[in-house]
Amino acid sequence: MGLRQRQKQERTDRILESAAAMFREKGFEATRVDDIAEAANLSPATFYNYFHNKGDILLATLLLEENGVIAAGDRIIKRQIADVEEALNALVGAYYDNSLVYVTKEMWRQAMAMTIQQSSAPFARQYLEIDDRLRIQIAALLRDLQTRGLLKADLDTEQVGAIVFNNINMTFIDYVRSDDRSIADVMEFVKRQNATLTKMIEKTGA
């Protein structure tokens, strides 16, 4: 990587780190672009060379978080856990544990609202691409379990993966909308569902 590219990456990182810290401390709505630029030791004009608005920063933060989530999921798949229920719980746990590193509940709420209010905007499309990556990864875990003889041979792993994703996604949305539920409560709820699902998809005698 050349000097100019390194400088650009360093500035991008400073903006994201400053913005994420301010979003957590002051909230998304209360944070101004000028404040982010000042915290990143950049002029507002320079800031706009990297991001058009706060929504772009929020998306970039979500993508940063998502990269950590996907990496954690890959590590779970590579472990080749020999128990279906344990593997599902490990994957979901990795998702939940890594979904609140940079992004707070308030930031998730803002992101979800933006995808509804501006459904045709680039932000919304890229947000949905995040969902696709998770759905694909869940299906990959199920295919791996099936290949190792732990799931029924005729199981449609793509469709079951979509069902699992839709369930944990809606459960996470409920968590984000609630001021009372903890991530531990959500995980216990999903574990009970995974126990039921395992009985339906596990190969007899596995």
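Trainee: Does threonine 61 count as buried or exposed?
Mentor: This is a predicted model, in which local features need pLDDT of at least 70, side-chain atom pairs count only at pLDDT 80 or more, and totals for chains, interfaces and linings use all residues. Residues are numbered from 1 along each chain as its sequence is written, and side-chain values use heavy atoms, with hydrogens and water left out. Buried means under 20% relative accessible area, exposed over 50%, and partly exposed in between (1.4 Å probe, protein chains only). Threonine 61 has a relative accessibility of 2%, so this residue counts as buried.

Trainee: Which residues does threonine 61 touch, not counting those up to four places away in sequence?
Mentor: Threonine 61 is found in helix 4, where helices (H or I, at least four residues) and strands (E, at least two) are DSSP runs numbered from the N terminus. A contact means heavy atoms within 4.5 Å. With residues up to four places away set aside, the partners of threonine 61 are Leu16, Ala20, Tyr102, Val103 and Met107.

Trainee: How many helices and strands does the chain hold?
Mentor: Read along the sequence, the chain follows α-α-α-α-α-α-α-α-α. The counts are 9 helices and 0 strands.

Trainee: What share of the contacts with a separation of 6 or more joins residues 24 or more positions apart?
Mentor: The C-alpha trace spans about 65 × 45 × 30 Å along its principal axes. Of the 206 residues in the chain, 46% are buried. Among contacts with a separation of 6 or more, the share from residues 24 or more positions apart is 71%.

Trainee: What part of the accessible surface of the chain belongs to carbon and sulfur atoms?
Mentor: Accessible areas come from the Shrake-Rupley method with a 1.4 Å probe, and for residues only the protein chains shown count as cover. The total for the chain comes to about 11200 Å². The part belonging to carbon and sulfur atoms is 50%.

Trainee: Which residues make the nonpolar surface patch of about 240 Å²?
Mentor: Patches are made of residues with over 30% relative accessible area and no salt bridge, with like charges joined within 9 Å and nonpolar side chains (Val, Leu, Ile, Met, Phe, Trp, Tyr) within 5 Å. One member is leucine 64 in helix 4 (residues 54-79), which counts as partly exposed because its relative accessibility is 36%. The patch is made by Leu64, Val101 and Tyr102.

Trainee: How far from aspartate 131 is the nearest side chain of opposite charge?
Mentor: Aspartate 131 lies in helix 7 (residues 122-147) and touches Phe165 and Asn169, not counting residues up to four places away in sequence. Lys and Arg count as positive and Asp and Glu as negative, while His and the chain ends are not counted. A salt bridge needs a side-chain nitrogen of Lys or Arg within 4 Å of a carboxyl oxygen of Asp or Glu. Aspartate 131 is buried and has no salt bridge, and the nearest side chain of opposite charge, that of arginine 135, is at 5.3 Å.

Trainee: Why is the pair of phenylalanine 23 and phenylalanine 28 classed as it is?
Mentor: Rings of Phe, Tyr and Trp (its six-membered ring) pair if their centres lie within 6.5 Å; planes under 30 degrees apart count as stacked, over 60 as edge-to-face and the rest as tilted. A search of the whole structure finds 6 aromatic pairs. In this one the ring centres of phenylalanine 23 and phenylalanine 28 are 5.0 Å apart with planes at 50 degrees, so the pair is tilted.

Trainee: Which residues do ring pairs link into a cluster?
Mentor: The rings of phenylalanine 172 and tyrosine 175 have centres 5.8 Å apart and planes at 40 degrees, so this pair is tilted. The two residues are 3 apart in helix 8, which means a separation of about one helical turn. Phenylalanine 172 is buried at 7% relative accessible area, and tyrosine 175 is buried at 8%. The cluster linked by ring pairs consists of Tyr96, Trp108, Phe172 and Tyr175.

Trainee: What is the phi of asparagine 41?
Mentor: Most residues other than glycine have a negative phi. Asparagine 41 is found in the loop between helix 2 (33-39) and helix 3 (44-47), and is exposed with a relative accessible area of 65%. Its phi is positive, near 60 degrees.
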